[in-house]
Amino acid sequence: MQHQFWHQRWQQNQIGFHSAEIHTYLKTYWSALAIAPNSRVFVPLCGKSNDMLWLLAQGYQVVGVELSPIAVEAFFSENNLVPTVRQQDGYSISEIEGLQIFCGDFFSLTPSLLGKVAAVYDRAALVALPVEMRADYVASLSQLLEAETQILLISFDYRQENMQGPPFSVSHQAIDKLYRPWCQIKHLASDNIIDKEPHFKTRGLDQVHEQVYLLTVV
């Protein structure tokens, strides 16, 4: 899955993965992380998610990374926000007080450029990637995070042969294989959301289990 795939999705407004609503699991389970106020929270492959505004409203510093400039521009314009924009190390960085978005390739981020973060919110990054890209994503993420950093991870588990992603199915076993070598894993919740998200039915599914995990870097 190359950059052009995602650029084309945004150009053609094929963004069924985007929701204007704040994710219920974010509001329900964020407190499980016990992150100190004003800590920095990283949102990889953030799109134009309004979940970032919710985190900002809770008193956190938020930093996202997103490949598509269309998504970044839409996030600010749709929320009537006027960012300052600067260029650094190949990224266009749009900022308002307490929130910045790096526009560019996640895989080019370095620890010095990202800076220290206390937590990661992954609602749509891991599940956006096909299986052949996940190990590289997780390896890159692990290089960005210090010990004791916490990750709130939301994933989907369904019969992959019944629907072409994204979002892709990521099983418990896959989560364990990807994260167990460098994280403690706590499974917080599982919910079959097929009746809440009927568009999955139209794509050929009869069950979609949304999973919530709390990961802690060791």
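## Exercises: cysteines, cores and a buried serine

Cys 183 has 3% relative accessibility, so Cys 183 counts as buried (under 20% relative accessible area; exposed is over 50%, partly exposed in between; 1.4 Å probe, protein chains only). This is a predicted model: local features need pLDDT of at least 70, side-chain atom pairs count only at pLDDT 80 or more, and totals for chains, interfaces and linings use all residues. Residues are numbered from 1 along each chain as its sequence is written, and side-chain values use heavy atoms, with hydrogens and water left out.

**Exercise 1.** Find how many disulfides there are.

*Solution.*
- Take the rule: a disulfide is a pair of cysteine sulfur atoms within 2.5 Å.
- The count is 0.
- Check Cys 46: its nearest cysteine sulfur belongs to Cys 103, 8.9 Å away.
- Cys 46 is in no disulfide.
- Cys 46 is buried, because its relative accessibility is 6%.

**Exercise 2.** Find which residues touch the most other members of the largest nonpolar core.

*Solution.*
- Take the rule: such a core is a set of buried Ala, Val, Leu, Ile, Met, Phe, Trp, Tyr and Cys residues joined through side-chain atoms within 4.5 Å.
- The largest core has 41 residues, and Phe 42 and Tyr 179 touch the most other members.
- Helix H6 gives the largest share, 5 residues (helices are DSSP runs of H or I, at least four residues; strands are E, at least two; numbering starts at the N terminus).

**Exercise 3.** State whether Ser 94 is buried or exposed.

*Solution.*
- Locate Ser 94: strand E4.
- Ser 94 is buried, because its relative accessibility is 7%.
- Beyond neighbours within four places in sequence, its contacts include Val 72, Phe 76 and Ile 101 (heavy atoms within 4.5 Å).
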